Amino acid sequence: MQFIREKLFSARPVRFLIVASLCTVLLLSNALPAAAVGGSDKGGTTLDEIVEKAEQVVKQEPRSMQQVQAEANNSTNTVQGSANKEKMEQSQDSKSGPAMAEDVNKAVKDMEDADYD
């Protein structure tokens, strides 16, 4: 029994150091991601432009489908514009296909014409 007590007393400083080091690691791992935020401000300016454009669109009358499609064909999409276009992977065949609304309309017409007996 004496042997076990001696080992427990000698292990207390070691346990304290382990717990203290784990607490330090947890504290630093929570604090360092915030430090990684600094750097280029390019993303912020692009986001500001997107917000300004969205506010302008909200203040205007609703746009027609043709206006939205024309704007989408000029850039990557209507929300982002051409921001980060060089980083996006896109197929060259994607612009030649029919619009999603046309596909949906065709599917609805096919369902209406179908005979379900």
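Predicted model: local features only at pLDDT ≥ 70, side-chain atom pairs only at ≥ 80, totals over all residues.
1. Residues are numbered from 1 along each chain as its sequence is written, and side-chain values use heavy atoms, with hydrogens and water left out.

2. Confidence is lowest in H2, at a mean of 77, and highest in helix H4 (residues 100-113), at 86.

3. Of the 117 residues, 3% count as buried, where buried means under 20% relative accessible area, exposed over 50% and partly exposed in between (1.4 Å probe, protein chains only). The accessible surface comes to about 10,700 Å² (Shrake-Rupley method with a 1.4 Å probe; for residues, only the protein chains shown count as cover), and 59% of that surface belongs to carbon and sulfur atoms.

4. A search of the whole structure finds 1 salt bridge (a side-chain nitrogen of Lys or Arg within 4 Å of a carboxyl oxygen of Asp or Glu). Asp110 forms a salt bridge with Lys106, and their closest N and O atoms are 3.6 Å apart. Because Asp110 and Lys106 are 4 residues apart in helix H4, about one helical turn separates them. Asp110 counts as partly exposed, because its relative accessibility is 43%, whereas Lys106 is exposed, with a relative accessible area of 54%.

5. Two surface patches deserve a look. Patches are made of residues with over 30% relative accessible area and no salt bridge, like charges being joined within 9 Å and nonpolar side chains (Val, Leu, Ile, Met, Phe, Trp, Tyr) within 5 Å. Val14, Ile18 and Leu22 make a nonpolar patch of about 270 Å²; Ile18 lies in helix H1 (residues 2-35) and counts as partly exposed because its relative accessibility is 45%.

6. A negative surface patch is formed by Asp48, Glu49, Glu52 and Glu55, where Asp and Glu count as negative, Lys and Arg as positive, and His and the chain ends are not counted. The place of a charge is taken as NZ of Lys, CZ of Arg, CG of Asp or CD of Glu. Glu52 is found in helix H2 (residues 42-59).

Methods: Helix = DSSP H or I, 4+ residues; strand = E, 2+ residues; numbered from the N terminus. pLDDT = per-residue confidence, 0-100.
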